[in-house]
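I opened this entry to look up a few local features, beginning with the strands. My notes follow.

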Amino acid sequence: MKITTPGPWHSQGRYIVPADNGPSIGSAVALKAPSLKKQPDFDNIANANAQLMAEAPYMLELLHRCLPFIEDANEDPCYKPDRAGALQNQIIALLNKLD
């Protein structure tokens, strides 16, 4: 089992912090490379990235909750089994990486 900071998390600007407002567990950046000249709003990009990362514990929980429905769909003749099965395999592979 991987050791992680338990959720929920939220963002404070570009920082990701646990719900108890403890120390920051990460931060997001937006690279200021010459190839990104058309993206001048680096702070807003970093803040938006932090908001997305802060939702990771919730997204992981949703994957766990969705998997039984995908497994049921894989057995239901109303769905194309190859599509439901492929999605089921992708979710299981991702959960195995994360859990």
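I took two strands as paired if DSSP finds at least two bridges between them. Strands (E, at least two residues) and helices (H or I, at least four) are DSSP runs, numbered from the N terminus. The model is predicted, so I kept to its rules: local features need pLDDT of at least 70, side-chain atom pairs count only at pLDDT 80 or more, and totals for chains, interfaces and linings use all residues. Residues are numbered from 1 along each chain as its sequence is written, and side-chain values use heavy atoms, with hydrogens and water left out.

Sheet. I found β1 and β2 (residues 15-18) paired in the antiparallel sense over 4 bridges. S11 stands opposite I16 in β2. Helix α1 (residues 42-54) packs on the sheet and touches β1, β2 and β3 (contact: heavy atoms within 4.5 Å). The direction of α1 makes about 170 degrees with that of β1; axes are lines fitted to C-alpha atoms, for helices over the stretch in contact, and angles run from 0 to 180 degrees between N-to-C directions.

Backbone. I noted that the peptide bond from G7 to P8 is cis, with omega near 5 degrees. P8 lies in the segment before β1. In the loop between β2 and β3 I looked up N21, whose phi is near 60 degrees, a positive value in a residue other than glycine.

Q88. I located Q88 in helix α3 (residues 81-98). Not counting residues up to four places away in sequence, Q88 touches L67, I70, E71 and N74.
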